[in-house]
Each structure stands twice: as structure tokens, then as C-alpha cells.
Amino acid sequence: PGMARQGSGAMLASGGLGFPPQNLARVVVWEWLNEHGRWRPYSAAVCHHIENVLKEDARGSVVLGQVDVQLAPYVIDLQSMHQFRQDTGTMRPVRRNFYDPSSAPGKGIVWEWENDNSSWTPYDMDICITIQNAYEKQHPWLDLSSLGFCYLIYFSSMSQMNRQTQRKRRLRRRMDLAYPLTMGSIPKSQSWPVGTSTGTPCSCPQCLLVNSTRAASNAILASQRRKLYPGAVRQSSTFAGAALWPAGTGTAAVTGGTTKGEGLRVPSGAFGPGQSVPGGVPLPGLNNLNRPGTQRGAGLGARATVPPGVPALPVKNLNSTGPVHPALAGMTGILMCAAGLPVCLTRAPKPILHPPPVSKSDIKPVPGVNGICRKTKKKHLKKSKTPEDVVRRYIQKVKNPPDEDCTICMERLVTSSGYEGVLSHRGIKPELVGKLGKCGHMYHLLCLLAMYNNGNKDGSLQCPTCKAIYGEKTGTQPPGKMEFHLIPHSLPGYTDSKTIRIVYDIPTGIQGPEHPNPGKKFTARGFPRHCYLPDNEKGRKVLKLLIVAWDRRLIFTIGTSNTTGESDTVVWNEIHHKTEFGSNLTGHGYPDPNYLDNVLAELLAQGVSEATLKD
């Protein structure tokens, strides 16, 4: 039987709202065009919100922050079919797309891959549907190469493998809210075509924004079309679907004759050059760039055909390296378009995570720092130090305690410890109270003993009130390796200095008795991790203290990732690192004039101070 992809219905161009055929139920997915020319789906919750607004006013605007706080800066203008970022002026095309109700979005099924930050990224919707179809037919594997991706999907191991590099990433299938369902077309009064005049134009600020945004889109697209397709008949200057493409780019279905138990290989001839999915309307201009490979090359060519003399405005320029402020650039672009002047909107910048390639001969030891590598293994507490010995070492007995709360058990200090009957030790009576030597805070001795037994049992105590550390605090970092060296490149903000590169590498393993789930396997995502410091006096001081923190197993711990929600995995342990080399788009890069002072304070909170280096 032919392997047709269910639910890959009409792909509608970004110039106007699309509507399903009369009396035919379809799942609605709203998508936006990213800087790589690929259509990315909004979440089901966001799509429901957009549809609800659409029912009220098909010419209105949608504030995405009302349903997802992470999208607070974004507004969708339904008339121009563009997403507008209010703080930077970035404009991106959006589209309303339809799929079969039996497909993945209709069932609320989301397929995602694990990225380098150990977080999960959803696949483009057409890829998601293709994966789900193969999964439902129980194919053991799926080849995505003909869709422009050099990946193999293995369902048995739930992994994605790059055919060229052989690198594997985890894959997951997640249940979410089903995307909204619609039937037939909306009333004729709301079915307006983009670019059609409806009378005297309104002069309110919102309509001026809408009209000028549309003009910007038209100017860019028209200039690209004239260069790419000089012989094509001009039917429209708006984002109006197939009118901007030469005739003859028909539809194609995916066929493949597979049976249960066989892998699925999508044939390479299945797609026309202007198509996004089978059965789709050919996409205009930049909108066909939803896959890497040959399609991406066409996109680069399109961007290179901007007519000479057209000003390039850095609309999305979050690192403020351009001559124009991002928000000002966006508004300037709008005003220039409203005046009929052509404008080229620049691409969004990408984080620069790594430095240029460095040869081995250029890698040098860090001045004033011994060695280039440290390895750690689990350290065991000496048998001579019992928990009772540790507690007694740091406290002084209080004969007449004040009538106030013990902040560990919340019982009064003049009464017995709340741990009476739960914990008992020879020589420590439940009513005994002790005062910590440096800070003077008082607790029941039995409470301090319970706190110590519940921690790392490394011979140190930390005051639960003021966080003062007694002894040498160590952590629960799994075994691994820390390398550090000098590279001949400068960080933003430190142009006169070379760069210290730190490389942490921790393999997966089995949790020990000090970890949350002893005996259970833990994962280590995103290793080796590269971090950067400026090679100046303070940067070298931070490096020395980080080496001490590494030796004390304080840099990482095992817990639950704040990014992915995955438990039993290696995570950072409250000492921030800079993992972005040449930019600061993620907040983990440079320039950041306060970073070195902040990380020194974080190290101090872990008991790692300059005094440590003198010992």
C-alpha cells in the first residue's frame, strides 16, 4: 500500500488567512517564519487563543502574552498576517495552516528532539506528522533525508541520528492539548483578501502600523521575485500564495510501499521545488525555506538579491552592535515603508557559543595556575569523624537558652527538640542547646545532628540562618574532568585580553549514597561544557577559585533540570558560568561587567574565598 502522509493538508501562504473547504473539518495550526526560513508551530494553547480572537475580530491583533508569559513582547496583526515584537521592532510572517483531524496535531501529539542545552525542541509540524504516521504503522525507523534533513529516526531507542556525523540525540513523544478544530469557512464579511481596499483607509496608529507593515513585506518580496523569476507574470504584489511563483509546481504525494516492520524512506522525488509538504500551495519568496540543504541554498540566494541602494536596518539586533537601536530600527522601517521607500530587514543574530578554531600549538597554560587538568573522584569521610564529633566541634553548649524558636524544628529552645523520639544519640539529650562559634546562632544539638545526617556528611556544617560555613564544605558532584587553558581570542568587553577556556566533562554513571536516588543511573547532558573567562588578574583569580570548588565537588550536582524538568541528571550547582563566547544573547555570555564580581560572591557563599588560596 502507498504510504501517504495523513493530515498534510493545504499549506497556506503568509499573505492572508486560509480557510478549509466548505463543510470539512480541519485542525488549525498557526505558524511563524523563523530566521532560517522554516515555519515553526505555535503551541496548541496559543493557537486556541488566536482562533478565539479571530472569531471576534478578523482584522484585530492578538497579544500572545495573555496565554504564554514567555511570548509577552509579541503581538500578531491578523490583517497583515505578521508577528510584531514590540521591544525590538522585529516583524515575522505568520500563517494559518490546516491538517487532518486524525493527524498528530489533532490528537495533541508532539514529537520533540533534545537540543544542546538539554531542552526539548518540537519538530516542524509536517515532520511531526510524518514521524507520527510512521510510529503508528510500527515502522522501526524513518529516513528524513528526502525532506531536507540528513537524519534517521529510530523508534526502538527513541533517538535521532545524523547520517553524516553519526551523532545521536534523544527523541520523545509528548501528549499535549489538541489543536483547535474548525469546520467550513468563516462568514464572507470576515473573508477579506489581503491587499484589497475596503474604502477610505483609517488613519489610527494601529491601521498605520498594519498598512506600513504590509508595505514592507510587499517591497521585500517584490524585489526578490523580480530577481529570482524575471520572466514570471506579475499577478500580485502581496503575500498571496501561488501568484508569486511560476506555474507548473504541482502537488506530489509521498508513496513508498512499506509494510509493517519495515523502515520508512520518503522518496527523494516527492516534493516540488516550491513546496513545503505534499498537497500544499507553493510558498512565496523566503517562505519556502523550511528545510536545510538545497532549499536553504535558495534562501541564501534570495537574500543576496536585495536591490542595490536599499537600506539594511538591523531590526532584530539584541546585542546592540549595530548603529541603530533595535526598536528605533523597527519603527524607522515601518515609517520608510509607509512613505513608499524600500527596506531590507536583516536576519536575527545567532548566539556565538564557541571561538574560532584554535590549533594545539596556540593553546597555552594559564599564567600563574598550576597544571591544565583536574580530575575528581568521590571523597569519603574519614571514619574517625562521627556525626556527633562534627557537631560538637563547632558548637558551644548553652546552659540557659533564650525563649525563642529553634529554626530547624521550630520548637522553643527551652523545650525538647522536635526530633525527640525520631533521632537518638548517646550523650546528646533532646533538650541540649548549642551555639555556633562564629555566628552565634543557637539550635538544639539533636536538630543540628539531624541536619548533618541529612546532608553530605563531609565534616562541615552550614548555619541554616546566616549560611556561615564551618569546616570545609564539599558537594556531591559526580566524578569527571576539568581542563583549563589559554586561547588567543578576546571576549567582548575584554579586547585587550586573551581568553581562559574551561572544559568540564562528566560521564553518565550510577548515583552514590549522597545522591537523591542511590543506585539509580544518572544522565549527563550537554557535556563537554565549554566556559570562558577573561585572562586578566580577576579572571585568573576566579579560575583558581573554580578549581578549588571543582576539587570540593561544588560545581555540579545531581538533581532536576530547571530547563527540561528531567530528574536524576547533572545540573549546575549555584555557581554561574559563561558558556557563550562571542555574544550575550542568552544571558550566559559577554559583555557582562558585573559577572566576575558576582561569581566571586557565589563562590564565597560556597565557602570558597581568597583566603582558601593562601592556605
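**Entry 1: the chain as a whole**

I looked up the contacts first. Among contacts in the protein chain with a separation of 6 or more, 65% are between residues 24 or more positions apart. I note that the model is predicted. The protein chain has 615 residues, and 48% of them count as buried. I then looked up the secondary structure, which comes to eleven helices and 29 strands.

**Entry 2: a sheet of four strands**

I went to an open sheet of four strands and wrote down its order, β17-β23-β24-β27, with antiparallel pairing. Which strands stand at the edges? They are β17 (373-376) and β27 (529-534). Each of these two has a single partner strand, so one side of each is left without a neighbour in the sheet. On average, neighbouring strands of this sheet are turned by 20° against each other, direction ignored.

Next I looked at one pair inside this order. Strands β23 and β24 run antiparallel and are joined by seven bridges. I picked out methionine 482 and found that its bridge partner in β24 is tyrosine 504.

I also checked what covers the sheet. Helix α9 (residues 537-551) lies across β17, β23, β24 and β27. The helix runs at about 170° to β23.

**Entry 3: the loop between β23 and β24**

I followed the chain into the loop between β23 (480-487) and β24 (499-505), where aspartate 496 has its place. Is aspartate 496 buried or exposed? I found a relative accessibility of 79%; the cut-off for exposed is over 50%, so aspartate 496 counts as exposed. I then looked up a distance from this residue. The C-alpha atoms of aspartate 496 and aspartate 535 are separated by 9.2 Å, and the two residues are 39 residues apart along the chain.

**Entry 4: α9 against α10**

I returned to α9 to see how it packs with helix α10 (residues 595-605). The axes of α9 and α10 come within 10 Å and cross at roughly 25°. An angle under 35 degrees counts as roughly parallel, so α9 is roughly parallel to α10. The crossing of α9 and α10 is left-handed.

Then I listed the residues that meet. On the α9 side they are Lys538, Gly539, Lys541, Val542, Leu545, Leu546 and Ala549. On the α10 side they are Leu596, Asp597, Val599, Leu600 and Leu603.

Glycine 587 was my next stop, in the loop between β29 (569-572) and α10. Its relative accessibility is 41%, so glycine 587 counts as partly exposed. Leaving aside its neighbours within four places in sequence, glycine 587 is in contact with Lys578 and Glu580.

**Entry 5: a sheet of three strands**

I turned to another open sheet, where three strands stand in the order β18-β19-β20 with antiparallel pairing. The edge strands, β18 (395-398) and β20 (442-444), each pair on one side only. From one strand to the next, the twist averages 40°.

How many bridges pair strand β19 (residues 433-436) with β20? I found three bridges, in the antiparallel sense. For valine 433, the bridge partner in β20 is histidine 444.

Helix α7 touches β18 and β19, and its direction makes about 80° with that of β18. Helix α8 touches β18, β19 and β20, and its direction makes about 85° with that of β20.

**Entry 6: α7 against α8**

I checked how these two helices sit against each other. Helix α7 (residues 387-394) and helix α8 (residues 445-453) pack at an angle of about 125°, with their axes 10 Å apart. That angle makes α7 oblique to α8. Their crossing is right-handed. In α7 the contact is made by Pro387, Glu388, Val390, Val391 and Arg392. In α8 it is made by Leu445, Leu448, Leu449, Tyr452 and Asn453.

**Entry 7: glutamate 114**

Last, I looked up glutamate 114, whose place is in strand β7 (residues 109-114). Is this residue buried or exposed? Its relative accessibility is 7%; buried means under 20%, so glutamate 114 counts as buried.

Which residues is glutamate 114 in contact with, leaving aside its neighbours within four places in sequence? I listed Ser119, Trp120, Arg169, Arg170, Arg525 and Glu566. With one of these, arginine 525, I also found a polar contact of 3.5 Å between the side chains.

How values were computed: Residues are numbered from 1 along each chain as its sequence is written. This is a predicted model: local features need pLDDT of at least 70, side-chain atom pairs count only at pLDDT 80 or more; totals for chains, interfaces and linings use all residues. Side-chain values use heavy atoms; hydrogens and water are left out. Buried means under 20% relative accessible area, exposed over 50%, partly exposed in between (1.4 Å probe, protein chains only). A polar contact is a pair of N or O atoms within 3.5 Å; within protein, one must be able to donate a hydrogen and the other to accept it, and residues adjacent in sequence count only if both atoms are side-chain atoms. Contact means heavy atoms within 4.5 Å. Two strands pair if DSSP finds at least two bridges between them. Axes are lines fitted to C-alpha atoms, for helices over the stretch in contact, and angles run from 0 to 180 degrees between N-to-C directions. Angles under 35 degrees count as roughly parallel, over 145 as roughly antiparallel, 65 to 115 as roughly perpendicular and the rest as oblique. A crossing is left-handed if the near helix is turned anticlockwise from the far one by less than a right angle, and right-handed if clockwise.
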